[in-house]
Amino acid sequence: MTATQQTSTLPTHRYTLVVDLDRCNGCGSCATACAVENNIPPAPERSNVRTGVVWLRVHDVATVDPSGRSTFVPIPCQQCDEPPCVDVCPQRAVEYDPRTGIVGQIPVRCLGCRYCMVACPYHTRSFNWWSPEWPEGMKASLNPDVSIRQRGVVEKCNFCVQRLQAARAKTSAAGKTDIDPADYVPACVEACPSRALSFGDANDADGEVAKLAKDPESFRLLAALGTSPKVLYRSSDPVVRERLSRTGVTRG
Amino acid sequence: MKLEVSRRDLLLAGTGAAAGIALSPVPWKALDDLSIWTQRPPTPTPRPAGPLAFRFTSCTLCPAACGLKARSFGPQPVGFSGVPGHPASDGGLCPLGLTAHHLAKHPLRAVAPERVSGGKRETIDRAAASAALSAAIAAAAKDPKRSLLVVDGRPGRSLSRTFRALAAATNGRYAVPGSPSPALDTLAARFDGPLSLGVDLSKARRVVSFGTPVLTDAGTPGLLPRLRAEGRRKPKGERLEVVHVGATRTKSAGFADRFVPIAPGTEAALALGLAHVLLDEKLADAAFLAARTTGLAGLEALAARFAPPLVEQKTGVPAGDVVALARDLAASRPAVVLGGDPAEPLSAEADAAIAALNLLLGAPSGPLVARRAAPSEPDGDAKLAAVTALDAVPERSVSLLLLDGTVPEGLVPWARLEKLLADGAVVASFSAFRAGLGEKATLLVPGPAPLEEAVELDGPADAPLATFALAPALLAPPKELVLPEELLREAASAAGFELPAPPAGRAAAIVAAKRGQLFDPSTATTTPVSSLADAAALETAFAAGACWVDDPAPAPAGRFALLSDGEAPRLLESALGAPGPEPARVAALPRTALSAAPSSPLLTKLTRETALFPAPSAAKA
């Protein structure tokens, strides 16, 4: 089944992240919490902005606003409803989950061809150029719920799907069917000190995220491409909205 | 038509097929599968022994003292998040705090004492470290010309009292780095009684920052951007806006509503120019000035010299902009002006001019609030050295420099300390890391890493309410580690100085004062301290990560002097003698770390691999 076929019916849940650009001060807490939660290893000193593994990048785009004012744009995988990366993967290592709308990456299937990196218009995927290594003793502080990826595979944000699995297990153990929204919050959302990130099920019409998604100040990056991302951005500045939705952000 | 297949056609088809297959993933996948032995097999993440539990403490890495919620397996934390409702941080946490659990295993971590001898670093045992320290203490005490100097990055702890007792016993000095908020201290010193000031940003409609990175790296993580964004739907005149004044376009400056670039070192001239417009156009808070200040005539005479055209000449800020900014400040009260950065302080004259500006705006009845310090145990009979400023220590007068592990090199650069050292001086550091000032030590006696010991933690000095936590340890220190206090007492005793026993502790003092509330991080509820049975109950709560927060203090009656005695000529000379305008440097610079610990290797990687500088600056590897 292709991604298009998978999305022909609306998913049961449609997990969505809304980023309020008026609040984001570029502190990097989201990127750090993401790296800690998902066991991203420290890289050799020769790694750089193009070769490093970073699931969520915060870009300072001072040039967006004619006044020169900075706008900080955190960019994780955009979790598209029409994800280009799914169609190009020869290994089916990228899968769209129709129950949640989450685009998952399965590293053990990945052969490292990096077609998905080429196909992704948001530059949110990273390739493991080096074997993962930690300073002696630091492996004990890794998150046991996330496996360590090997050299030669691509990886990306998956909305901390291990937290969704934990929430499902908790719900099931309690004999319930619907998970409590408070039980499933990605690490970046939990860590944001200025509360710029909101997360939830956009199919829940009464939820905060569904309301934010309909807000006229909300927009998507590179909206014209028709990839229908489930990461939305908000800004009170029409210039920022217009430019980012049209041009996106270039990595590096 | 007869179809003939020639040998050439077969060759072409075969070559095309081979090329097509080579360009497809198939052969490469086959090659990949065949050469799997060249790759590391998938590694399961080790699961630490012990059940999953959530534990609470406070971050000890910088003065913000944020609440920490640790997700742990047994004794091992594997991740942190903030504590919503926490009195010091309200759920905020910066990248340093999020990676605090990595530091105990940092590659630069030191566990055994080390000595630099003949330019070489060698590991020594506890006895040798104690003997070396003891000899240095004895030598410093006997020398009439040179003395012992202790530099303590976090005064007020039990270890701080031991340091002060040692300094007193050996005729040495005890110094602390500069104040974290000198402009506020300058203003508080103008009051005709003892006063400590905090900033309640939720009460402000305008925040003007002279160089302080208020939107990104200063204070409670994320607080000001959050407050600003919450008010964005209000009419323009009612919403909170931030104006950044400075010579460099820092991250905070770029994110401010307005950035006013000025020539370096001309902050005092601009502040006095704003004062000039406020007084000239009668825009100052007249009621506050009449009721709560003295010396208006002196300030008027001084400010009269700073007409906007002159200010433009000195600072490079157009005269019209000076007038507009002053009018905006007056129309947007409550307003507050903040100045300086602990790592890059302004001149004393600029602090004085900012203090006067705050008084003209009536800030002490608005965003600035009187606060009390957390109760502490009385000094009693113990002989303790007075706290001196580092700048007051004469050059080349120190034969033994004792550096506490909490002194950040970003705040106290080594070059500043090196000038104080006499020839052959011993530099002993209690840092847990061979980094920062710990790297400069000739005798390194490593202390516990962050999260390895319970720490008495006073909250930020400029918060509207005082907080205190006895941040519990989450990790066990290495068995071979020597606690600095233990070794210090042992070495002092061997040198002939018996130091007084540590006092009963802060919990007893807080319970005795019957002041404030106790915040329980597991339930996000508060309990009045007066309802606690005794100090033991408070200590039990602290051991579970609780945080004490003071009650609001009543505003003290009294007046502020707009200028202190003899200050006007100094201000005039400083502001008018300021350098003329030069092209404002517009650059984004990383902030200097206020943490004494190095960054986690993970944070170093993120700094290197993203185009952004993470918050309180992880640029230090």
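This is a predicted model: local features need pLDDT of at least 70, side-chain atom pairs count only at pLDDT 80 or more; totals for chains, interfaces and linings use all residues.
Where in chain B is the place of Pro75(B)? Pro75(B) sits in the loop that runs between β2 (67–73) and β3 of chain B.

**Around Pro75(B)**
- Leaving aside residues up to four places away in sequence, Pro75(B) touches Gly50(B), Leu475(B) and Ala476(B).
- Pro75(B) counts as partly exposed, because 15 other C-beta atoms lie within 10 Å, while a buried residue would need 20 or more.
- From Pro75(B) to Gly16(B) there are 59 residues in sequence and 62 Å in space, C-alpha to C-alpha.

**Helix α16 of chain B**
- Helix α16 covers residues 484–494 of chain B, and its buried residues are Pro484(B), Leu487(B), Leu488(B), Ala491(B) and Ala492(B).
- These residues are on the same side of α16(B), because they cover an arc of only 130 degrees around the axis.
- Their packing partners are α4 (126–142) and α5 (158–169) of chain B.

**Where chain B meets chain A**
- In this interface, 56 residues of chain B are in contact with 57 residues of chain A.
- On the chain B side, the elements giving two or more residues include α2 (25–34), β3 (76–81), α7 (223–230) and α20 (601–609).
- Helix α20(B) provides the largest share of that side, with 8 residues.
- Sorted by class, the chain B side holds 27 nonpolar, 18 polar and 11 charged residues.

Notes: Residues are numbered from 1 along each chain as its sequence is written. Chains are lettered from A and ligands numbered from 1 in the order in which they are written. Two residues are in contact if their C-beta atoms, placed from the backbone, lie within 7 Å. Helices (H or I, at least four residues) and strands (E, at least two) are DSSP runs, numbered from the N terminus. Ala, Val, Leu, Ile, Met, Phe, Trp, Tyr, Cys and Pro count as nonpolar, Asp, Glu, Lys and Arg as charged, and the others, Gly among them, as polar. A residue is buried if 20 or more other C-beta atoms lie within 10 Å of its own, exposed if 12 or fewer, and partly exposed in between; C-beta atoms are placed from the backbone. The arc is that of the directions from the helix axis to the C-beta atoms.
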